[in-house]
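Here is a short report on a protein model. Look at the sequence and the structure first, then read on.

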Amino acid sequence: VLRALGDHTVVPVPKVFCLCTDPNVIGTAFYIMEFLEGRIFIDSKLPGVPPERRRAIYRATAKTLASIHSANVDMIGLGKYGRRDNYCSRQIERWAKQYTASTAEGKPASNPKMFRLIDWLRQNIPPEDSSGVAAGIVHGDFRIDNLVFHPTEDRVIGILDWELSTLGNQMSDVAHCCLPYSVVIGQNKHLDAGFEVTGIPEGIPSQAEFLDDYCSASGKPWPAKVWKFYVAFALFRGASICTGVYNRWLLGNASGGERARYVGNHANELINFAMDFIARKSVLPEYPPSDERGRFVPSQRVLELRNKLIKFMEDYIYPNEKEFEKLAQSDARWMIHPEEDTLRELARKEGLWNLWIPFDSAARARKLIFGEGPNSISDGGHDLLFGAGLSNLEYGYLCEIMGRSVWAPQIFNCSAPDTGNMEVLLRYGNKEQLEEWLIPLLEGKIRSAFAMTEPQVASSDVTNIECSIKRQGDSYIINGNKWWTSGAMDPRCRVLIVMGKTDFSEAKHKQQSMILVDIKIPGVHMKRPLSVFGFDDAPHGHAEISFENVYVPAKNILLGEGRGFEIAQGRLGPGRLHHCMRLLGAAERGMQLMAERALSKKAFGKFIAQHGSFLSEMAKCRIELERTRLLVLEAADQLDRLGNKKARGTIAMAKVAAPNMALKVLDMAMQVHGAAGFSTDTVLSHLWATARTLRVADGPDDVHLGTIAKLELQRAKL
């Protein structure tokens with residue numbers, strides 16, 4: 001089972017290495033699997049975990065269960081792993097027989113309510129059970145303490161304890177996982193009522209919200225009509241198991257030792273919980289919460305940040321755009337507009353600073369720099385440095401707003417390439433590198449640039465890179481030429497992340513390394529600023545740079561020699577998806593300006609908005625924008641749940657779809673504006689130029705299309 005799931009699905013299971021069926025080796029058959037370094041949460045209340053992370057952990061649990069239940073057992077070779085039909089029916093008879101056997105001699109005494117419960121279950125088996133419609137892989141004991149979570153990220157990296165797995169009715173897994181909402185099973189003399197009675201701990205979703213996450217991810221129908229049966233079935237099974245354990249304890253052969261003393265109480269209490277549960281008039285709302293809130297609707301906290309951001313844009317960004325543009329077109333364009341620093345300080349005070357930082361990356365940096373644990377939330381002054389603790393999906397709603405202006409992201413310290421560079425340091429930098437470079441970047445005191453692209457080779461293929469980084473004693477010597485090093489012209493730019501080759505003889509993806517370079521050291525020469533469709537993007541700028549015998553301390557190497565390609569792949573995740581998010585905002589700005597122009601200008605005797613051809617094209621733009629937004633949000637969601645590698649297909653789709661959509665919308669907006677649309681009198685031409693650039697700067701379309709197609713072919717081979 002582990003091999004089939006690990007090799008052919010996205011289900012997070014430990015890697016298995018070998019199976020030995022010869023009992024002569026260690027006395028029994030055995031298999032060997034990898035040890036997972038991570039976290040296991042024993043208590044479903046998640047004590048000691050911040051509320052915002054509790055929600056993420058429960059959501060990851062729901063999505064992980066959905067991934068098991070989405071596996072095609074026939075395609076992965078598990079089609080004969082068990083019977084698919086009448087699973088619950090067979091289980092009821094099995095455990096009823098077990099209960100009768102355990103209480104046959106009055107040790108313990110049988111509970112009459114148990115037999116009433118058994119009769120009720122027999123009479124209320126859902127039709128889907130006999131047909132096998134809800135059948136597939138059943139884990140058998142799926143609960144939060146059988147999951148291994150990433151050491152710092154709130155995602156599941158391994159599902160343990162598969163010994164009860166089979167094929168059967170998958171809703172039994174879901175109900176078993178949801179038992180803490182009804183009853184908390186522990187080692188005390190008596191059981192505690194579940195979350196829905198005692199109160200749901202802050203941050204943990206309601207049972208309906210948890211089920212909604214599961215159903216959305218798995219495609220299963222909302223179980224309101226059958227939920228009473230499945231929860232009662234889970235409680236019944238638990239009661240029968242506890243009775244058997246207690247019976248063995250009374251006979252002196254229970255493996256649980258003294259802990260088994262109380263399971264007799266537990267059995268009867270589970271029966272009582274089940275009878276109370278089936279007596280309830282309603283156990284779930286008729287419709288899932290998403291019917292009201294939708295799948296991708298931001299939380300209240302994110303909505304509050306979004307509203308603050310929109311107001312900030314309206315009060316300060318849009319009114320200053322012309323001033324910023326005026327300076328950028330003047331002889332003093334490589335200077336920073338004095339108003340920018342004022343706005344940046346205001347954004348910090350408003351709590352709109354460094355919103356892009358993923359919570360898991362912040363946790364690693366806090367631990368390295370300040371010695372905090374991965375779950376800690378400090379009230380110290382450095383909180384502002386690490387943002388609001390948002391997921392990539394949550395940040396997507398905010399990043400889109402910033403994308404409505406080319407000037408906005410830098411005001412909130414959320415602009416490229418700084419976000420990508422800071423992400424590299426957050427994920428891969430050591431403590432010394434974080435203190436020297438990351439902290440000033442997070443504080444907004446300095447800026448950075450990423451030097452990878454080279455004029456003489458096709459740099460979309462990283463193996464073509466020719467810049468050399470050679471070790472000499474305690475230094476590395478860098479020689480090479482780079483261009484399109486965005487941000488390097490900014491007078492605040494102090495550090496470059498340079499991609500080059502440390503060993504030309506290594507395997508082609510082990511030759512590259514990344515190193516931190518102080519832009520002011522000898523040998524770093526700014527050759528010229530480059531322009532994009534006539535925009536030089538001053539004072540940010542895109543530089544061509546030469547490195548001539550640049551000596552850099554060996555301590556500046558990131559992660560180690562030969563790790564550059566690995567870092568680049570990591571950098572292609574969250575930071576690169578930000579471009580897609582911002583493009584949604586650029587397109588929305590285009591739609592807004594397009595509509596305003598169409599409603600205010602006349603052509604051929606009537607407003608542009610009254611022309612049928614315009615209405616048709618505008619409607620098509622809205623359709624393109626909305627479906628691209630869903631794709632970008634899905635990519636962000638997968639990035640949160642599955643990580644960069646498993647989300648790479650959807651990320652690649654977003655990277656193709658977003659710029660092409662934005663170009664279409666902005667082109668239409670420019671067309672409606674006539675000659676004004678192609679001038680710098682509006683922001684449209686600048687937004688269009690940026691969007692067109694990203695079809696190359698964010699990785700060529702062809703590279704992303706290749707990734708998408710290869711993944712599609714891999715799925716077909718299964």
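## The annotated span

The end C-alpha atoms of residues 449–550 lie 17 Å apart. This span is 0% helix and 51% strand. Helices (H or I, at least four residues) and strands (E, at least two) are DSSP runs, numbered from the N terminus. For residues 449–550, an unreviewed UniProt entry lists "domain: Acyl-CoA oxidase/dehydrogenase middle". UniProt positions follow the numbering used here, feature names are shortened, and annotations may be inferred rather than shown by experiment.

The model is predicted: local features need pLDDT of at least 70, side-chain atom pairs count only at pLDDT 80 or more, and totals for chains, interfaces and linings use all residues. Residues are numbered from 1 along each chain as its sequence is written, and side-chain values use heavy atoms, with hydrogens and water left out.

## Rings and charges

The structure holds 14 aromatic pairs. Why is the pair of Trp 483 and Trp 484 tilted? Their ring centres are 6.2 Å apart and their planes are at 55 degrees, so the pair counts as tilted. (Rings of Phe, Tyr and Trp, the last by its six-membered ring, pair if their centres lie within 6.5 Å; planes under 30 degrees apart are stacked, over 60 edge-to-face, and the rest tilted.) Trp 483 has 23% relative accessibility and counts as partly exposed. Trp 484, at 34%, also counts as partly exposed. (Buried means under 20% relative accessible area, exposed over 50%, partly exposed in between, with a 1.4 Å probe and protein chains only.) Elsewhere, ring pairs link Tyr 58, Tyr 181, Phe 195 and Phe 210 into a cluster.

Charges also meet rings. The charged end of Arg 471 sits over the ring of Tyr 476, 5.3 Å from its centre. Lys 602 lies over the face of Phe 607, 5.0 Å from the ring centre. (The test: NZ of Lys or CZ of Arg within 6 Å of the ring centre and within 35 degrees of the ring normal.)

## Cavities

The structure holds three cavities of 30 Å³ or more. (On a 1 Å grid over the protein atoms alone, a cavity is a set of points where a 1.4 Å probe fits but cannot get out; lining residues have an atom within 4 Å of a point. Points are joined across faces, edges and corners, and a volume is the space filled by probe spheres set on them.)

The largest cavity has about 60 Å³ of space. Its lining includes Tyr 87, Asp 173 and Arg 237. Helices α6 (171–177) and α9 (227–250) each supply at least two lining residues. The second largest cavity has about 50 Å³. Helix α12 (residues 300–328) gives the most to its lining, with three residues.

Terms used. On a 1 Å grid over the protein atoms alone, a cavity is a set of points where a 1.4 Å probe fits but cannot get out, and a pocket is an open set with protein on both sides within 12 Å along at least five of seven lines; lining residues have an atom within 4 Å of a point.
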